[in-house]
Amino acid sequence: MSTKIKFKIGEFSKLCRVTVKTLRHYEEIGLLIPFETDQWTGYRFYDISQLHKMNRIVYLKHLGFSLEEISEMFDQGFEVPTKEMINKKSKECQQNIQDLIARQRELDKLEILLQKQEKIMEKVFEKSLPSRVFATHRRKINSYHELFDLCPNVIGPEMLRLGCECPEPQYCFTVEHQEEYGKNIDIEYFEAVAEAKEDSELIKFKALPEVPLALCINHYGPYEKMPETFAQLYAYAEAHGYQPTELARFNYIDGIWNKESVNEWLTEIQLPVKK
């Protein structure tokens, strides 16, 4: 008469290449309960059939089945998944592949962004901003895209009607007056002119003094991405002991009016500062 071979939990752990902690967890959830537990010593024993079951669990986990799914499979009397189970898991795999591809793309974008940010930090430069007379227009807009209509169809014609001349080098910028982010942007548009004219309902003339020191950085691309560059400029200012003295200026150099690609749009962000 043959004697039933029994394995202590440590021996079973080595044979199955799983930790004792894992075996205890499987026992707790009812997935793999020891064949026998000594009532005096508390030793747990596993038998030969449970070696096969443990190997099946490892294999199914490798295929992506959860412990809950494996437990349900065993409870239904299956040692291997049904065709329906396999098809369902296969579809999950396909979705996971798509999710991983999307995640990889985002990681690639993040790496490129970090590289750009490193380059941005190297491209902050200092300069003074000259005193000039400006034709200004202030209003609330929903997005910077409204400037594409506002400048050529509202501000420009009114400046022309008032007889404004824009000497070289041309200089136009906007500042944002709102204290917090909201639905509307409280924007003021400035365009340098040769001399002030009489104010109108749409255009007001202002003379701005020289800004002795401004930290500047070039932003390439859409205006929606400007906060990323703006954050780097402030980080540079803080790291080098500068304090802002006025609202930042967004100087529009290239844009929809002269560039076909949005990636070629160039905005110089100018931040008046002091040491």
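Biologist: How do α1 and α2 lie to each other?
Modeller: α1 and α2 are roughly perpendicular to each other. Their axes cross at roughly 105° and come within 9 Å. Angles under 35 degrees count as roughly parallel, over 145 as roughly antiparallel, 65 to 115 as roughly perpendicular, and the rest as oblique. An axis is a line fitted to the C-alpha atoms of the stretch in contact, with angles from 0 to 180 degrees between N-to-C directions.

Biologist: Which residues make the contact?
Modeller: On α1 they are Ile-9, Gly-10, Phe-12 and Ser-13, and on α2 they are Val-20, Leu-23 and Arg-24. Contact means heavy atoms within 4.5 Å.

Biologist: What kind of model is this?
Modeller: This is a predicted model, where local features need pLDDT of at least 70 and side-chain atom pairs need 80 or more, while totals for chains, interfaces and linings use all residues. Residues are numbered from 1 along each chain as its sequence is written, and side-chain values use heavy atoms, leaving out hydrogens and water.

Biologist: At what angle do α1 and α3 cross?
Modeller: The axes of α1 (residues 9-16) and α3 (residues 48-62) cross at roughly 45° and come within 10 Å. That is why α1 and α3 count as oblique to each other.

Biologist: Which residues meet there?
Modeller: From α1, Phe-12, Leu-15 and Cys-16 meet Gln-50, Leu-51 and Met-54 of α3.

Biologist: And how do α3 and α4 cross?
Modeller: The axes of α3 and α4 (residues 67-75) come within 10 Å, with a crossing angle of roughly 130°. So α3 is oblique to α4. In α3, the residues in contact are Lys-53, Arg-56, Ile-57, Leu-60 and Lys-61, and they meet Leu-67, Ile-70, Met-73 and Phe-74 in α4.

Biologist: New topic. Where is Arg-17?
Modeller: Arg-17 sits in the loop between α1 and α2. Its phi is positive, about 60°, although Arg-17 is not a glycine.

Biologist: Is Arg-17 buried or exposed?
Modeller: Arg-17 counts as exposed, because its relative accessibility is 76%. Buried means under 20% relative accessible area, exposed over 50%, and partly exposed in between (1.4 Å probe, protein chains only).

Biologist: Where is the cis peptide bond?
Modeller: The cis bond joins Glu-168 and Pro-169, with omega about -5°. Pro-169 lies in the loop between α6 (147-162) and β6.

Biologist: Which strand holds Thr-174?
Modeller: Thr-174 is in β6, residues 172-176. Helices (H or I, at least four residues) and strands (E, at least two) are DSSP runs, numbered from the N terminus.

Biologist: Is Thr-174 buried or exposed?
Modeller: Thr-174 has a relative accessible area of 0%, so Thr-174 is buried. Not counting residues up to four places away in sequence, Thr-174 touches several residues, including Tyr-144, Leu-147, Ile-187 and Phe-250.

Biologist: What does the side chain of Thr-174 make a polar contact with?
Modeller: The partner is the side chain of Tyr-252, at 2.6 Å. A polar contact is a pair of N or O atoms within 3.5 Å; within protein, one must be able to donate a hydrogen and the other to accept it, and residues adjacent in sequence count only if both atoms are side-chain atoms.

Biologist: What about His-177, where is that?
Modeller: His-177 is in the loop between β6 and β7 (185-193). At 26% relative accessibility, His-177 is therefore partly exposed.

Biologist: Which residues does His-177 touch?
Modeller: Arg-138, Asp-186, Glu-188 and Leu-247, leaving aside residues up to four places away in sequence. The side chains of His-177 and Glu-188 make a polar contact at 2.6 Å.
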